[in-house]
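Student: Could you walk me through this structure? I want to know what the terms rest on.

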Amino acid sequence: MSTLSQEGNGTTSHSPSFTAPLNYSFPLHRLNRLQRYPEKYPIILVACGSFSPVTYLHLRMFEMAVDYVRQNTDFEVMGGYMSPVSDQYKKPGLLSAHHRVNMCTLATEQTSGWLMVDPWEAFQSYQRTAVVLDHFDHEINSVLGGAQLPSGERRHMRIVLLAGSDLISTMSEPGVWSENDLDHILGKYGTFIIERAGSDMDHATEALARWRHNIFLVPQLIQNDVSSTKVRLFLRRGLSVRYLLPAPVVEYIEQHNLYAEEASIHDKKDKDKERIKDDTWRRAGASTPSSSAA
């Protein structure tokens with residue numbers, strides 16, 4: 001059975017004090033604070049990401065991790081959280097934090113019995129993943145006191161990052177992540193990595209061999225390559241995204257006409273490309289492709 005090892009120098013590189021959005025309160029309504037299996041080590045799964053929009057694969061990642069934990073480790077999952085990134089992340093296709101948090105909340109509250117959404121990261125300035133994990137550790141262990149055993153004894157809950165294999169690939173690329181943050185995330189907390197089609201996880205983990213004992217690779221027994229990027233592409237093309245996303249999320253997108261602006265921007269770019277192409281043909285003294293076809 002696998003166990004997490006806690007190490008690293010991150011305890012001195014991150015401040016124990018945290019800013020908080022206005023009217024913020026840490027979500028606790030589904031957190032299991034009473035440990036059922038005292039012989040196991042309690043952990044919390046945290047997925048950080050854009051979730052623009054949240055898909056069924058995002059939700060499936062948690063379920064796959066739980067199955068892996070039950071069958072291969074000495075851990076007990078006490079809770080699971082989605083932590084949408086801040087608008088300051090400035091990623092292409094990133095919808096406002098307000099809508100992303102709402103969609104994640106609809107997905108978790110209406111399709112899951114144990115997942116929660118923490119808006120702490122979303123509604124403030126950009127926070128590094130290492131700091132986000134520190135925030136969860138602070139709220140769950142320093143503020144709440146961790147898990148409670150049947151005997152009444154308190155036990156520290158381990159925060160573990162849940163991510164797709166694309167994240168571990170970026171971690172293995174030199175210069176993308178700081179060494180201190182890698183040591184803090186992988187050394188102190190550890191991670192469950194869900195494999196994705198076409199990813200070379202063996203190569204990625206080789207570059208992170210120092211923390212291999214804290215990296216758990218979770219295979220997808222049924223391959224699912226749905227992504228937010230592909231969903232946005234479908235929406236731009238006017239295609240259906242039903243059964244790729246939870247129904248409440250699809251309805252929310254339709255109700256608020258989300259991603260329509262992104263679609264119009266891409267349409268304009270496509271038209272501009274065609275206009276430039278036609279102008280180039282005309283300046284060359286040739287007929288345009290469209291007129292030639294006619």
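**Phenylalanine 192 and its surroundings**

Tutor: Beyond its neighbours within four places in sequence, phenylalanine 192 is in contact with Ile43, Leu45, Tyr68, Val69, Phe75, Val160, Leu161, Leu162, Ala163, Phe216 and Val218. This is a predicted model: local features need pLDDT of at least 70, side-chain atom pairs count only at pLDDT 80 or more, and totals for chains, interfaces and linings use all residues. Residues are numbered from 1 along each chain as its sequence is written, and side-chain values use heavy atoms, with hydrogens and water left out.

Student: Why is a set of residues called a nonpolar core?

Tutor: Because its members are buried (under 20% relative accessible area, 1.4 Å probe, protein chains only; exposed is over 50%, partly exposed in between). They are Ala, Val, Leu, Ile, Met, Phe, Trp, Tyr and Cys residues, joined through side-chain atoms within 4.5 Å. The largest one here has 43 residues; Phe192 is among those with the most contacts inside it. Helix α1 (residues 56-72) gives the largest share, 9 residues.

Student: Which strands does β7 pair with in the parallel sense?

Tutor: Strand β6 (residues 158-164), over 4 bridges, and strand β8 (residues 215-218), also over 4 bridges. Two strands pair if DSSP finds at least two bridges between them, so both count.

Student: How confident is the predictor, by mean pLDDT?

Tutor: pLDDT is the predictor's confidence in each residue, from 0 to 100. The chain's mean is 87. Over residues 8-15 it is below 50. Where pLDDT is low, the predicted coordinates should not be read in detail.

Methods: Contact means heavy atoms within 4.5 Å.
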